[in-house]
Amino acid sequence: MTTGLERVRAALRGELPDRTPIAPILHAMGARLIGVPIGRYASDAGVMARAILAAYERFGYDGVQLSLGVAAEAEALGAPTAQPEDGPPVVTRPLLEEPADLARLALPDVRRAGRLGLFVEAVGQVAETVGQEAWVVATLRGPLLMATQLRGVEQFLVDLLERPAWCAELLTFTTEVGAAYGRVLVEAGAHAVAIGEATSSPDFIAPRLFREQILPYHGALITALHAAGAEATVMHICGRALPIVGDVAATGCDVMDIDSQVNPGAAAQVAGRIALRGNIEPAGVLLYGEPALVEERVREALAAAEGNTRFILGSGCDVPPDTPPENIAALVRAGRRYGAG
């Protein structure tokens, strides 16, 4: 019997698996399944692992993904954060209020600082339990997203135009943080490291600016993660990212997440050797839709991806915590039905 891990590995090699692998970006929803608030999920390694495993066991997809939220690395570097009772931690004030503040930053102890150690422990528990049968993906923030959490999104976008040399210094630093943290996540048992880079979307930053000032750091981080032993790297960029799919492929990345705004067939035309994962809409379909709509969107996605053996069925972005469980069951059910090889 083919395991989910074998199925994903086959897709990453461009081979035809028995069916399309299924790996939604589902993490905080697991807290709902075990009846705990997200604040506790984000603060307790055992609870996080239990939530991820509960979702995997309930729905039976091929890969699991863990995430600690966008504030994790910034918090570990000293940014002030708040922990809502039923939400992920959030940065309450930029750590780098002035450009000169960058000189005070130093690489954190990625095994202990903030919640980073908690996340490493959760990844290890999940990998130890299901890592022989399921694809285990651990998420870190990419160079740009980490920089915007430290400086503020709008301010950093202004800085890219007004202080490009300073931005390069900060992006070099955040790339080093990501490389160090990714190495520890691989050692904990993650097969793949996902790079969260929502702010690299053309909805946030012009593709030209992205190519000139951000993409080189993505390439450096991906090279470092491969050197650390990651089987695969996953680039997660939300929104209308079709104009930069080819650029992401050129970095040596192994998988790119595509959101619901990106047609899988169109993306495959420019993706080259990298795999694509997506693209079921998290809100309008998974959160607010009915199972019949989920099944129809899965059928459409797999039809659009037909002929692309490097395709993984999943959500276009994070599955909202309050998504009805029957909709995730419908995604998996339809994936098995329409994705058979």
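**Ground rules.** I am reading a predicted model, in which local features need pLDDT of at least 70, side-chain atom pairs count only at pLDDT 80 or more, and totals for chains, interfaces and linings use all residues. Residues are numbered from 1 along each chain as its sequence is written, and side-chain values use heavy atoms, with hydrogens and water left out.

**Sheet.** I looked up the strand order first. Helices (H or I, at least four residues) and strands (E, at least two) are DSSP runs numbered from the N terminus, and two strands pair if DSSP finds at least two bridges between them. I found an open sheet of 7 strands with parallel pairing, in the order β1-β4-β5-β6-β7-β8-β9. From one strand to the next the twist averages 25 degrees. I then checked β1, which pairs with β4 (residues 135–141) in the parallel sense over 4 bridges. Opposite Q65 I found V137 of β4.

**Helices on the sheet.** Contact here means heavy atoms within 4.5 Å. Axes are lines fitted to C-alpha atoms, for helices over the stretch in contact, and angles run from 0 to 180 degrees between N-to-C directions. I noted that α11 (residues 215–227) lies across β4, β5 (192–196) and β6 (232–236), at about 150 degrees to β6. Helix α13 (residues 264–271) lies across β7 (255–258), β8 (275–280) and β9, at about 165 degrees to β8.

**Helix α1.** Which residues of α1 are buried? I list G4, L5, R7, V8, A10 and A11 in this helix (residues 4–13), where buried means under 20% relative accessible area, exposed over 50% and partly exposed in between (1.4 Å probe, protein chains only). Their cover includes β4 and β9. After α1 comes G14, with a positive phi near 85 degrees.

**Helix pair α6 and α9.** The axes of α6 (residues 116–130) and α9 (residues 164–188) come within 8 Å and cross at roughly 30 degrees. That makes α6 roughly parallel to α9; angles under 35 degrees count as roughly parallel, over 145 as roughly antiparallel, 65 to 115 as roughly perpendicular and the rest as oblique. I recorded the crossing as right-handed, meaning that the near helix is turned clockwise from the far one by less than a right angle, with anticlockwise being left-handed. L116, F119, V120, V123, G124 and A127 of α6 make the contact with Y181, V184, L185 and A188 of α9. I sorted these residues into 9 nonpolar, 1 polar and no charged. Ala, Val, Leu, Ile, Met, Phe, Trp, Tyr, Cys and Pro count as nonpolar, Asp, Glu, Lys and Arg as charged, and the others, Gly among them, as polar.

**Helix pair α15 and α16.** Helices α15 (residues 291–304) and α16 (residues 325–338) have axes that come within 8 Å and cross at roughly 35 degrees. This crossing is right-handed. The contact residues divide into 8 nonpolar, 2 polar and 5 charged.

**Single residues.** I looked up A190 in the loop between α9 and β5. A190 counts as buried because its relative accessibility is 5%. Leaving aside neighbours within four places in sequence, A190 is in contact with V123, V136, A138 and L185. Last, I checked the peptide bond from G278 to N279, which is cis with omega near -10 degrees; N279 lies in β8.
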